[in-house]
Each structure stands twice: as C-alpha cells, then as structure tokens.
Amino acid sequence: MSQPNAPQGPSDTRTEGRDFAPRSLAAQAMGRIDPGTRAVVMPLHVSTTFIRDPDNRYSSGYSYARPDNATVREAEAVLAMLEGAQAGALLFGSGMAAATAVFGALEPGDHVVAGTVMYWALKRWLREEAPRRGLTLTFVDTDDLDALRAAVQPGRTRLVWIETPGNPLWTVSDIAAAAEIAHAAGARLAVDSTAASPVHTRPLELGADLVMHSATKILNGHSDVVAGVLAGARADAFWERIQGIRAGSGGILGPFEAYLLMRSLRTLHLRAAAQAAGAMRLAERLRGHPHVTRVLYPGLPDDPGHAVARRQMRDGFGFMLSIRVAGGEAGAVATAARVRLWKRATSLGGVESLIEHRASVEGPGSPCPPDLLRLSTGIEDTDDLLADLDQALRAGHAAP
Ligand SMILES: *Cc1c(COP(=O)(O)O)cnc(C)c1O
C-alpha cells in the first residue's frame, strides 16, 4: 500500500472564487473525464494485474487489484469529498468489513466504548469477537453525555464508537461533544453515520476521527450492492494500519460494485432529500394514528434527540423512523404482514420503502421493544405509503 489513497484531484472544484457544492461534484463524479476517450463516465476497471515498467517499477501506481483498483478509487474519491475526509476513503466488501477493520486496528488491552443502541450485528460481533482479540468493551447510552464521560477510561480507552441516529430507536448522539470526551481521554471517535448519510451530517467537521457507512444503504440506495466505507480525518499511523488491514485481509470492494455505487452517488442528494422529506411527513402523520403509540424520528420537534439533531443534521433528518404499535408484538407483526406497497424486508436506504419487525431480528438482549416496526422511507408517493400503512395497521388490529 505505497500509493496514497487521497482523492486524485477532480478537474475543477471551484469557479469565480466559489467552491462547488458537494452535490455539484457528486452529480458529475467530480468532473473526471476518461483521458483515453474523453468520456464523461469513467470506464470500469476489471483487470486484476498490471504490467511492470522496464525499470521494474509500476509507474501507473497499480500492481495488483487486492490492495487497490482504479474504479474503487473513483468511488472513494467521491466519498472522501462528501465527508470532507483529508485522509481519503476506503471501500470494503460490506459495512461489517469496514467496521471490523477499525476494531482490528486496535491493540490487545485497548478499551472500547460503544453505544447500547447500535447496529445489532456489529454489537453481536463486538460481544463475541472483541474479547478474543484482547479488547475490553463498555456499552453505554452515547446520547447521555454524563454516562459517556463516566464510561471512558483516560489512557486506556482508545476508541469511542457511536452510531447516530442509532438503529433502530433513532436516538441522536452529540458528535462534537463525544469527540471532546474521547479526545480528552486520549481516544479516537468513530461514527457510524449510515442513517444520516453525508448529505445530512459530516462527522469529521464536528471533530470525529473516522466515519463509517454501510454503503449498502442510502449511499448505493438501490438494494443491489453490499458495500462499506471508512473515511478518515487524518492519514496517521492508525489510518495506515486500517489500509494495511484491508489490503492484507482482502476486504476491498469489487470493481463492479464500486461502479454501481459510483453511479448511485451521482443522485445521492436527490434521493436523500426526497427520502428525508417523505420520512418527515410519515412521522408527522403517523403520530396521530389511533393504532400508533409512539413515533421515533429525530425530525419531530418533541423528539428527545431533536435539539442535537438540529445542530448536527442539515437539509432533513434522514430516511429512517420507527413506530410503536398498539397491541404489542402481535399487533406489530400483524401489521407488517398486511402491507402491500411497503416491502416486508430487512435493510434500509433503498428507493423502495421497507418495513421490518425489528425485535424478531435482534432477539434477546436488544434495546428494541417488541411492538416496534422499523420503517425505511423510499421515494414512492408519500400518500400511497401512508394509505398502505393505514390499511395494514387497521387490518392488523382487526385480526384476532
Ligand atoms: C447495515 C448496517 C451496517 C452493516 O453493514 P453491511 O453493509 O450490512 O455489512 C452497519 N451499521 C448500520 C447502521 C447499518 O444499517
């Protein structure tokens, strides 16, 4: 991994003294033109190997496709730009591969603080695998800053991991405050920003050291790629170690997936805006519903996370919300069974709306209440989504 991973500069990033907005750069995949053909869409690079120069060097910067690939680099450059990441971005074969590379870069004996409300499969991985690697763990409600302050151990804690909004309750953690607490203890702050996307939140600007996304979700947005990404604030030794882990363990994303992801990133801002507007409208309408006891969405003014969300999110509050349904677990499952337009499936962030009884997935030990339905808002007509959910809630509650 001798090549720098920093984005190779786009053709232009400013005009008339004005920096182009991230949405302008993303729409044009940073204005890159294929030098061979002058095409506005870059080619898909599938070669696994590259010719050596007569003097035994690799002047193109590429030697073999496990450490690096030109199509992957294109998508990484857009992601690094979207996150404002000085160190650049690294794409992995899944969100889990990206997240576990961060924990893999820690040393035995290091202490980690992570959120009680976080992506369930990652929490399970931490519980099962982190102790085997000599890491010690403390789970804490990271939206409670006093609790977070009490959980970090100065000199021993090396990583604070927060997810905001946190799946599946959409609790909001204060990134800037968490960064201060982590740094005062000598730890790094990593943020799983999957539910916020770089459209709504840029954690590195708020003091985080690393950002992680499951790019499977809204970044790709079409439910046809599994991918993960890390973006780094600084190209320090820890970042280099993460790069080394990706190259050594073979966790790089495949070029075709990177190409599809790149195509999706061009419309990210449109999708994120439409999906967040839909989620807001759903949240407002569902909270008056006779069979809904609570709506969890940080965009609602009386949501416990709203004040912090307003500070660290812009142009909306994301595409994810959850509802708690009257009639407990049975009411929730019966409702999920009766949707027609919503699709009853796991995952999130796609252009099609998904509904899931989350406790069935998470099982014992999860903070997810049994009457909760997780809703991922797509780009369908919001009135259609509301009408379908309304008929499912009514039918689910009429059922014996
Ligand atoms: C899906 C998800 C992950 C894991 O990503 P994969 O791409 O499925 O490996 C991690 N964090 C959050 C918040 C997620 O939604």
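Student: Which residue has an N or O atom in its side chain 2.7 Å from a nitrogen atom of the ligand?

Tutor: That residue is Asp192, whose side chain places an N or O atom 2.7 Å from a nitrogen atom of the ligand; please keep in mind that this is a predicted model, and that the distances are computed from its atoms. The protein buries 91% of the 380 Å² that the ligand exposes when it is taken alone.

If we now widen the view to the whole surroundings, we find 13 residues around the ligand, and the closest are Met96, Asp192, Ser214, Thr216 and Lys217. Sorted by class, this shell has five nonpolar, five polar and three charged residues. The space that the ligand takes is the largest pocket, and the elements that give two or more residues to the shell are the helix α3 (95-104) and the strand β8 (210-214).

These two elements belong to a protein with 14 helices and 14 strands. Its radius of gyration is 21 Å, close to the 21 Å that the globule rule gives for 400 residues, so the protein is as compact as a globular protein of that length. Along the principal axes, its C-alpha atoms fill a box of roughly 80 × 50 × 40 Å.

Conventions:
Residues are numbered from 1 along each chain as its sequence is written. This is a predicted model: local features need pLDDT of at least 70, side-chain atom pairs count only at pLDDT 80 or more; totals for chains, interfaces and linings use all residues. Side-chain values use heavy atoms; hydrogens and water are left out. A residue is near a molecule or strand if one of its heavy atoms lies within 4 Å of it. A polar contact is a pair of N or O atoms within 3.5 Å; within protein, one must be able to donate a hydrogen and the other to accept it, and residues adjacent in sequence count only if both atoms are side-chain atoms. Accessible areas come from the Shrake-Rupley method with a 1.4 Å probe; for residues, only the protein chains shown count as cover. On a 1 Å grid over the protein atoms alone, a cavity is a set of points where a 1.4 Å probe fits but cannot get out, and a pocket is an open set with protein on both sides within 12 Å along at least five of seven lines; lining residues have an atom within 4 Å of a point. A molecule sits in a cavity or pocket if more than half of its atoms lie within 2 Å of its grid points. Helices (H or I, at least four residues) and strands (E, at least two) are DSSP runs, numbered from the N terminus. Ala, Val, Leu, Ile, Met, Phe, Trp, Tyr, Cys and Pro count as nonpolar, Asp, Glu, Lys and Arg as charged, and the others, Gly among them, as polar. The radius of gyration is taken over C-alpha atoms; the globule rule is 2.2 Å times the number of residues to the power 0.38.
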